[in-house]
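User: I am new to this structure and would like to be walked through it, one question at a time. Could we begin once it is in view?

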Amino acid sequence: MTEYERSRTMPAQPEHVFDQAANVGQLDTWLPGELHVEPAGLPAVTVHEDRTDEDTSALLRSRPEQMRIEWGTRDQGSYAGWLQVAGIGSGASEVTVHLSFFDEGHDPGEQAVGEALDSSLRRLEEQVRLRVDNTAG
């Protein structure tokens with residue numbers, strides 16, 4: 001099993017960050033660009049990966065009381081992950097994303113995963129900023 005984790009501080013209340021991250025209809029705005037999630041009767045979702053042009057059955061669970069989202073493949077059990085939002089005071093939050101690859105063949109490698117996590121967290125922060133700026137103005 002290989003595991004990866006990245007964190008990023010965001011200048012918004014944890015509730016705002018979690019609401020943006022957990023919005024199934026807007027996952028494409030912050031997930032890696034080659035991944036697309038279609039709800040199939042939550043918690044069931046279908047994940048389409050452009051790189052392989054394959055659809056994968058997965059589960060996506062939102063736990064608002066814990067400000068946590070969990071996901072993973074359904075049939076083959078080769079991949080799982082979670083996103084956790086925590087308040088750090090002064091109206092800021094820390095977001096941590098953790099990925100676990102149980103099948104080496106499913107793991108794209110440390111550099112690719114690191115870049116995807118960093119990019120996703122940056123994109124999530126941009127979406128949070130847009131939402132907070134729009135509600136403030």
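Predicted model: local features only at pLDDT ≥ 70, side-chain atom pairs only at ≥ 80, totals over all residues.

User: Which element gives the most to the lining of the largest pocket?

Analyst: The elements that each give two or more residues to this lining are the strands E2 (35-39), E3 (44-49), E4 (54-63), E5 (68-73) and E7 (92-101), together with helix H2 (110-136). Among the elements, the one that gives the most, with 6 residues, is strand E4.

User: Why are the buried residues of H1 on the same side of the helix?

Analyst: In helix H1, which runs over residues 14-22, the buried residues are Pro-14, Val-17, Phe-18, Gln-20 and Ala-21. They are on the same side of H1 because the arc they cover around the axis is only 165°.

User: Is Gln-20 buried or exposed?

Analyst: Gln-20 has its place in helix H1. Beyond its neighbours within four places in sequence, Gln-20 is in contact with Gln-26, Thr-29, Trp-30, Leu-124, Gln-127, Val-128 and Arg-131. Buried means under 20% relative accessible area, and because Gln-20 has 5% relative accessibility, it counts as buried.

Methods:
Residues numbered from 1 in each chain as written. Heavy atoms only, no water. Helix = DSSP H or I, 4+ residues; strand = E, 2+ residues; numbered from the N terminus. Buried < 20%, exposed > 50% of the residue type's maximum accessible area, 1.4 Å probe, protein only. Arc of directions from axis to C-beta. Contact = heavy atoms within 4.5 Å.
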